[in-house]
Amino acid sequence: MTLTAGCDVGSLTAKAVIMRDGRIIGAQVVKSRAKPEISAKEAMAGALTAARVALEDVAACVGTGYGREKIPFVKEVVSEIACHAKGAKWLVSSARTVIDIGGQDCKAMRIDEHGEVIKFITNDKCASGTGRFLDVMARVLGISVDELGRLSAGAKQPVTLASTCTVWAQADVIKYLNSGIAVADIGAGINIAMANRVAILANSVKAEHDVCMTGGVAKNNGVVQTLAQLLGRRITVPRKADPQLAGAIGAAIIAGQL
Ligand code: ADP
């Protein structure tokens, strides 16, 4: 009946998970604040409340994410790559390739049957190919990221964005909007541009079956489906729990092994 916890403080959201005997009993996703320690405390408070336990009851908590060094209540901090790999393996046990797209980075990794990382590559140098690209574009279109993800399904003639650079692509989107092109076609074009960037990363680790997608962008069906076409492989989006929780889940699993 050991309780463990994981806390993943990302650039846009902070996530906390409480696990008991390999099952999630409480979880919370909150928007990241300027101070990572505050985001971590908010996420953990929500997860503990959902699990109906107190922090003192938790045997060990592992921290991860870009703000991990600032989380006050962790026993250890572990790299995002290791936590996301373990979390993805728990979410989709057959996963051998994991594509995680968060707010500020994109990771592609190959993992073994134990959720250990074999090979990985990260893009954290440029907004294109990250959730930030989609957030900026959704704002220009005046819709939510949630709606942007659904637009691809209704598109007839997706537009082509001349540049994947976030700044130039934004100018393209405004141009298309002003010329009266359907929002669905613009949205689909944005999702395609995003998928194109991510496919380059996924191909560089030689994506193998089964491919699983995690991180907030896994909730964008337009990106997921386009990426699946580009890779020529089915992509599994976890159903067992919110794909955005992958890093925190992995951290809670690793906490159980300390
Ligand atoms: P981080 O860990 O870097 O903070 P997340 O994994 O929380 O990032 O992912 C944040 C990104 O997820 C956002 O930039 C947004 O584009 C995307 N996202 C979050 N929720 C949704 C949703 N419901 N539909 C589509 N995209 C989403």
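Helices here are DSSP runs (H or I, at least four residues) and strands are E runs of at least two, numbered from the N terminus. The model is predicted: local features need pLDDT of at least 70, side-chain atom pairs count only at pLDDT 80 or more, and totals for chains, interfaces and linings use all residues. Residues are numbered from 1 along each chain as its sequence is written, and side-chain values use heavy atoms, with hydrogens and water left out.

Next, select residues 183-204, which form helix 6. Its 22 residues, at 1.5 Å a residue, should span 32 Å, and the end C-alpha atoms are 32 Å apart, which agrees; the expected span is 1.5 Å times one less than the number of residues.

Now select the ligand and the 19 residues around it, of which L12, T13, K15, D135 and Q244 come nearest; a residue is near if one of its heavy atoms lies within 4 Å. This shell divides into 3 nonpolar, 11 polar and 5 charged residues. Helix 3 gives the largest share, 3 residues.

Then display the polar contacts (pairs of N or O atoms within 3.5 Å):

- K15: a side-chain N or O atom is 2.6 Å from an oxygen atom of the ligand.
- D146: a side-chain N or O atom is 3.5 Å from a nitrogen atom of the ligand.
- V217: a backbone N or O atom is 3.5 Å from an oxygen atom of the ligand.

Finally, colour strand 2 (13-20), helix 3 (131-141) and helix 4 (145-151), the elements that give two or more residues to the shell around the ligand.

How values were computed. A polar contact is a pair of N or O atoms within 3.5 Å; within protein, one must be able to donate a hydrogen and the other to accept it, and residues adjacent in sequence count only if both atoms are side-chain atoms. Ala, Val, Leu, Ile, Met, Phe, Trp, Tyr, Cys and Pro count as nonpolar, Asp, Glu, Lys and Arg as charged, and the others, Gly among them, as polar.
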